[in-house]
Amino acid sequence: MAARLPPLALLAASLAVMAAVASADSWLYEKFNTDGTVRADYDASGQQVAMLNLDRSSGAGFNSKEQYLYGEFSIQMKLIPGNSAGTVSCFYLSSGDSDDHDEIDMEFMGNSSGQPVVLNTNVWASGDGKKEHQFDLWFDPAADYHTYTIVWNPTNILFKVDGTVIRCFKRYDDLPYPSSRPMALHATLWDGSYWATEKGKVSIDWAGSNYMRYNYCEDGWRFPQGLPAECSRS
């Protein structure tokens, strides 16, 4: 079944890393499974958001309950500002975890402060991967939301950023291509310290964040009309 899905909105914030998916709560849990710590709330526009925490013990993410054979899939994402080294924010399609699985990846590899964010694209077909193309984005992906799209059809796979095609992976009759296994849609945040930033030279700076998992005085989504009065006095 081919699909064209409306864009999802994903926000990665400061450590502990958080992602926000703009949606109605029922839409999120009816359409997606979740992993890790998930907390639903509202953003300033009244939409509900699901926030996913990445800490030392676990990553977080969501995946669609339905699987798709071909389609166009988009996500609106705002990455982690400042030092995001070691973190990986992913938007991808996957047929599962078997050795012969298919997968189409857009992975944002965190950076040290001031260094460029790398967008890694990859295609796996029948377990055959290692087809990465990596890109330095021409804007600050932490400054605002941008739309990232995977177009998957029987002849090619397109990777797009804000509507601009940055890569076309073509199908050839004599080479593996993901064409027979339906895939689920995933978005995840995880600790990729061993490889994500400068080939693993820079890990997540856990010491740069404290042990507090949640602070209501920093939750603008929950209080769109303004934070509680005591927050400005502490």
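## Ser74

A residue is called buried when its relative accessible area is under 20%, exposed when it is over 50%, and partly exposed in between, using a 1.4 Å probe and protein chains only. Ser74 has a relative accessible area of 8%, so this residue is buried. Ser74 lies in strand 8, residues 71-78; strands are DSSP runs of E with at least two residues, numbered from the N terminus. The side chains of Ser74 and Thr149 are joined by a polar contact of 2.7 Å. Such a contact is a pair of N or O atoms within 3.5 Å; within protein, one must be able to donate a hydrogen and the other to accept it, and residues adjacent in sequence count only if both atoms are side-chain atoms.

## Basis of the model

The model is predicted: local features need pLDDT of at least 70 and side-chain atom pairs pLDDT 80 or more, while totals for chains, interfaces and linings use all residues. Residues are numbered from 1 along each chain as its sequence is written, and side-chain values use heavy atoms, without hydrogens and water.

## Phe169

Phe169 belongs to strand 15, residues 164-170, and is buried at 13% relative accessibility. Beyond its neighbours within four places in sequence, Phe169 is in contact (heavy atoms within 4.5 Å) with Val123, Lys131, Asn156, Ile157 and Tyr177. Asn156 is 13 residues from Phe169 along the chain, and their C-alpha atoms are 5.5 Å apart.

## Trp152

Not counting residues up to four places away in sequence, Trp152 touches residues including Tyr68, Phe73, Leu93, Ile157 and Met183.

Key:
Helices (H or I, at least four residues) and strands (E, at least two) are DSSP runs, numbered from the N terminus.
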